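Hi,

Here is the structure I promised to pass on. Have a look at it first, and then read my notes below.

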Amino acid sequence: MMDQNLLERVNPVFNTAKMTVFQLASSGVKEAALVAEKLNLSFEETQNSASVTVAPEQMTANTILVETRWRTCAAIAEKTGCKTLVDLPCGYTPRAKAMSQKGIAYYGMDLPAAIAEAEPAILSLIDEDKRFSVHFRGVDATNGASLKAALKDAEGPLCITTEGLLMYFTDSEVGALCDNIRMLLKEHGGCWVTADTETGMQYILTMQPIAGDRFMEIMMQSKTTAEDKSDVNVGGNSLNVSPMGDVALNMKNAMMFLARHGLKAERMILSEHMPEINSLDKITPEQAQAIKQNMQKCAYWKITAMDTETAVDTADLKAEDFDMQASVTGDTLILSLKGRVDTLTAPNLLALYERVKAEHELQSVAIDCAELAYISSAGLRVLLIMQKGCPDGVKLSGINQSVREILEQTGFDSVLEIAE
């Protein structure tokens, strides 16, 4: 079994899910409180970050936002009539319990590190005679093979939900996710319901009535907290509708991004679908009314596959082809990578590097990328660990155009040495 520490280090973004379950518990979701208790989560651990102590206004707004997202996505999913819910990512939230009680098959899918902790805690809340309909699977959302395998026994049509996922993705990752979801929808039928495309707008419209004059200060604190917890830049891809500048144009561009991946979206106005939100009772009636009115201005998106065929890169369906070869020449670790380096495979790369480094005085790492098909942020994080751990850094050679674009999008082309 892979070392849990390695899983966490290659992709610490799952730590933000612990923020979410604690916020759900604060909103009065009893099952979330039980999960938090089983995981021994504390306020300081889940809400504060390395550089930011959460402000009361921030905690209040976060709790309202998370509860609204959690309850509304579930309500929309039920209205679709789909009998299988795919929760991507499922995090540590106890949605499986409610779905199992309603006769809806539940597939909770997340990073392996999150699943390892969440599955036993959540299953313990579910009656034994209902557990047959609950499934937890460790996946990488950018890895089509892992998603396909995780749903091999699922009966369609599917309702796939994403809450708090897209904001942590780069353009290449969100593009891979779109291709993978389209593949699943074409195979199983159904739809994708996401709260993420307009999450920045929803956050602003929730925060403004609460924070007042401290609005911008609290907004920046929230962004810093999320980035500290996840170790990624938040909100920097084409499917996140920026609330800044020309919002209509930003929304159009996001719709066009979906269309390029064979998907189309219907905006579900939030105020028309959100059920009763308990945490609104914790603020003044005037603030609560302002937030409810503001929810007329933002939406969740219900996304379906277009009928027309689009060209989809199928490299991500060959995860079984991942391989790496290693040797040491002098003080240089020489690696050859094949296939995909993502959340599922990056821990193996990190484990190999640290094992070799413990046995040799490494000065540099040279990586042959001629057969590297894809690298996610988890893989890039391992390269950065190598870069920081070796005086002469990391040198890449033989990279193809798609990997080069990922490096350029993330700024790694200026961090690592790349042979032309």
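Predicted model: local features only at pLDDT ≥ 70, side-chain atom pairs only at ≥ 80, totals over all residues.

Which residue in S9 is the bridge partner of Met324? Leu337 is the bridge partner of Met324. Residues are numbered from 1 along each chain as its sequence is written, and side-chain values use heavy atoms, with hydrogens and water left out.

**Confidence and overall make-up**

The protein chain averages a pLDDT of 86 (the predictor's confidence in each residue, from 0 to 100), and 85% of the residues score at least 70. Residues 310-320 are the stretch to treat separately: pLDDT there is below 50, and the model gives it 18 contacts beyond near neighbours in sequence. Contact here means heavy atoms within 4.5 Å.

The protein chain has 16 helices and twelve strands; these are DSSP runs, with helices being H or I of at least four residues and strands E of at least two, numbered from the N terminus. Of its 420 residues, 56% count as buried, where buried means under 20% relative accessible area, exposed over 50% and partly exposed in between, with a 1.4 Å probe and protein chains only. Taking contacts between residues at least 6 apart in sequence, 77% join residues at least 24 apart.

**The five-stranded sheet**

Back to S8 and S9. They belong to an open, mixed sheet of five strands, ordered S8-S9-S10-S11-S12. Two strands pair if DSSP finds at least two bridges between them. At the edges are strand S8 (323-329) and strand S12 (417-418), each pairing on one side only. Helix H15 (residues 377-389) packs on this sheet and touches strand S9 (332-341), strand S10 (364-375) and S11, with its direction at about 170° to that of S10. For such angles, axes are lines fitted to C-alpha atoms, for helices over the stretch in contact, and the values run from 0 to 180 degrees between N-to-C directions.

S8 and S9 run antiparallel and are joined by seven bridges. Their hairpin has two residues between the strands, and Gly330 takes a positive phi near 65° there.

Leaving out residues up to four places away in sequence, Ser397 touches Ile367, Asp368, Cys369, Ala370 and Ala419. Ser397 and Ala419 are 22 residues apart in sequence but 5.0 Å apart in space, C-alpha to C-alpha. Cys369, one of those contacts, is buried at 2% relative accessibility.

**The seven-stranded sheet**

The other sheet I looked at is also open and mixed, with seven strands in the order S3-S2-S1-S4-S5-S7-S6. Strand S3 (134-138) and strand S6 (263-269) are the edges; each has a single partner strand, so one side of each has no neighbour in the sheet. From one strand to the next, the twist averages 20°. S6 and strand S7 (residues 299-305) are antiparallel, with seven bridges, and Lys264 has Thr304 as its bridge partner in S7. Helix H7 (residues 112-123) packs on this sheet, touching strand S2 (105-110) and S3, and its direction makes about 160° with that of S3.

**Helix H10**

Ten of the 13 residues of H10 are buried, so this helix is largely enclosed by the rest of the structure. Among them are Met201, Tyr203, Leu205 and Ile210. Just after H10, Gly212 takes a positive phi of about 60°.

**Cis prolines and cysteines**

There is a cis peptide bond between Leu88 and Pro89, with omega about 0°; Pro89 is in the loop between strand S1 (84-87) and helix H6 (95-101). Another cis peptide bond joins Gly156 and Pro157, with omega about -5°, and Pro157 lies in the loop between helix H8 (144-150) and strand S4 (158-162).

With a disulfide taken as a pair of cysteine sulfur atoms within 2.5 Å, the count is zero. The sulfur of Cys82 has its closest cysteine sulfur in Cys191, 4.8 Å away, which is too far for a bond. Cys82 is buried, with a relative accessible area of 9%.

Cheers
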